[in-house]
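Visitor: I am new to this structure and would like to be shown around it. Could we start with the terms and then go through the inside and the surface?

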Amino acid sequence: MNVRSRRTTRSAFLKAGAGGLVTVTAGGALSRTFSSSAQASSNVVEVPLLINEGYVRMTDGSQAFMRGFGVTGDGRPMVPGPPIGRDASSVPIGEVAFVREHEPVRLVIRNGLKDRHANEVHNFTIDGAVDPVTRELLVPPTPIDPSGDPTIIEFNAPAAGTYIYMDDDEIQRLLGLHGVMVVMPADVDSRRPYTPAPGMLDPPVFDEQFVWVFHDVDPVWGEKARLGEFRPDLPPPIQFETLMPRFFTINGDSGEQAEESRRTSMRRSVVPEGVQGQGTLIRIVNPGACTHSPHFHGNHVYILTRNGQLPNVAGLPAISADGRPIAVEKDVFPMQSLGRTDVLLPFHEPLDQWPPYEAANSHDFHYPMHCHAEMSQTAGGGQYPSGMYTEWFLNGPLGEPPHVGG
Amino acid sequence: LAPSVQPPRALGLYAFIFGVAALALAAGVAAVRLAAEGPPPPAPRLGQAIPTSFGVISVDQVERLAASNPDRRKLAPEQSELQIALTTINVLDRSVPYSRDQVSLRLGRDGAPIPVKSASIHSGKLKGSTAFRSIFRFVVPNGPSELWVAFRDPSRSRPILIELGSGPFPVGLSSAYNRSLHGVGYSHHQQGAGP
């Protein structure tokens, strides 16, 4: 892959985003509006979301019935849902759709299940996104009109960071009703994950960024959701205690044994690839129910934030009493349910490997990233390795290690 | 006078007329039903979720075993082995029995059943609110044949038929680790040592 051309493309994308493109305006009758302190502006980032359901093909060829906030090109639910951001359909590799701090955002959400599940009420919220002054949720659980008419939610983007939008009902979230909102600093020239602030680590500069959405799929739950409305005599209601996921995904895909089209999809949205010193920001979120443990081979990563806050080292804040930052360098770390962790993959020279690294003979390096929770490395109840697994590519030749992270 | 007796020829004529009328009536009923209900739904296919009395099943994968598979030495030259993967989902809150005898293969929709040669299961009970995937192998003739899987739902009188088509089917797709998917034979057990 040509790194230069990718960066050129990404630059054009960022330039367009910084220019403040006006998105389409809402059409049709609007049945209800929930509004926080969104500013009146023609420069609103508008994102349509559609609650829908259907079968999604899993990595072993079986079908899991799921729900999503978007629809794929072949009419299946999109899990995770569309990103909240500008130009989401044209994001180049190594970039993510995002909004900027304080930018006005308008979500137009429709319930596409009105004919099948007339009495279902879905409550939409964005976990962790708070008003900078009141510290209250910017979008508290807000009912979506069950009639199918659009519900409008407007707000100004919160502090730069990574957030999970979702159905407030845990079971609905696990059926697939979730997605991600990335907020970049208001400074349009910034390539930092958040705005410098007291009590936070100095945010590093990154070159590329990815979002990894971890999820756990239980097809039995999906079937119960599908059948429940038509055969109330058949399935018992979904109880959280019955959750037994059979598939573990990153951005909706399972690794290793995924067929070629899925591997292509993963290469685009999941797999970091670059040259030495290309600091890559990975925003990891876990809207699933299980605790996962991403483990990077090849490099340790630097944990920048956990749930939008300063990370800890052995239970202590990563800034010492005299104000010095402490690097939180990890090869594996926990991702609890609804956890959000931003890490920097430094793309440095591989250390402690066998055979030893030799600059003169350096070549392309190819490393796995997998979850250390063993059950997540399988699909369909035991097919290995077809679970929460991906790779990253460090392209050679390698030279003297550059300074990473600004 | 001797009693009048219908000659056998006349009886045959009446029977013929009655038969034709009955057939016409049956055809009419079938036509009315077809017009009212529409054509029968297409048979379920590979990778399709199929409702059952306890939840759903799906045949997710079909393949011919590779010629290099040691099991082939036990087969006649004109035979090969076909393998399918079946996912069973029980949405009930109670167990349901399963058995390898529930599954068979057919050459043609109405063909004679080909029994399972080997499978990853014998019999047991699938707990409520769980799913599992099982593997079945059948000995089939080489060459193209229209293949169907028959699944016997314990609460139905007739088996569920799943159309596999006539191939060609992929060879060796579900081996535990398929190097061909990677092109270069990559395995993270062989590369990627480090911290």
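Guide: One term first: Ala, Val, Leu, Ile, Met, Phe, Trp, Tyr, Cys and Pro count as nonpolar, Asp, Glu, Lys and Arg as charged, and the others, Gly among them, as polar. Note also that this is a predicted model.

Visitor: By class, what does the lining of the second largest pocket have?
Guide: This pocket holds about 520 Å³ of space. Its lining has 23 residues, and those closest to the centre include Ala159(A), Tyr163(A) and Gln309(A). Sorted by class, the lining has ten nonpolar, nine polar and four charged residues.

Visitor: Which element gives the most to the lining of the second largest pocket?
Guide: Two strands of chain A, β11 (161–167) and β22 (340–345), each supply at least two residues. With three residues, the element that gives the most is β11(A).

Visitor: Which element gives the most to the lining of the largest pocket?
Guide: The largest pocket has a volume of about 1,100 Å³. Its lining counts 43 residues, and Met78(A), Pro80(A), Asn251(A), Ser265(A) and Ser269(A) lie nearest the centre. Elements of chain A that give two or more residues include β2 (45–57), β12 (178–184) and α4 (260–269). The most, six residues, comes from β13(A).

Visitor: What are the elements of chain B, and in what order do they run from the N terminus?
Guide: Chain B has one helix and eleven strands. Buried residues make up 40% of its 195 residues. Of the contacts in chain B with a separation of 6 or more, 65% are between residues 24 or more positions apart. From the N terminus on, the order is α-β-β-β-β-β-β-β-β-β-β-β.

Visitor: Which element gives the most to the lining of the largest cavity?
Guide: A search of the whole structure finds two cavities of 30 Å³ or more, and the largest has a volume of about 90 Å³. Of its 15 lining residues, Thr88(B), Tyr98(B), Gln102(B), Phe132(B) and Phe151(B) lie nearest the centre. The lining divides into eleven nonpolar, four polar and no charged residues. The most, four residues, comes from β4(B).

Visitor: Where does the largest share of the lining of the second largest cavity come from?
Guide: This cavity holds about 50 Å³ of space. Its lining includes Tyr55(A), Gln63(A) and Glu223(A) as well as Val56(B), Ile57(B) and Thr87(B). By class, the lining has five nonpolar, three polar and one charged. The largest share, three residues, comes from β2(B).

Definitions and conventions:
Residues numbered from 1 in each chain as written. Chains lettered and ligands numbered in written order. Predicted model: local features only at pLDDT ≥ 70, side-chain atom pairs only at ≥ 80, totals over all residues. Heavy atoms only, no water. 1 Å grid on protein atoms, 1.4 Å probe; cavity = no way out; pocket = protein on both sides within 12 Å on 5 of 7 lines; lining within 4 Å. Points joined across faces, edges and corners; volume = space filled by probe spheres on them. Buried < 20%, exposed > 50% of the residue type's maximum accessible area, 1.4 Å probe, protein only. Contact = heavy atoms within 4.5 Å.
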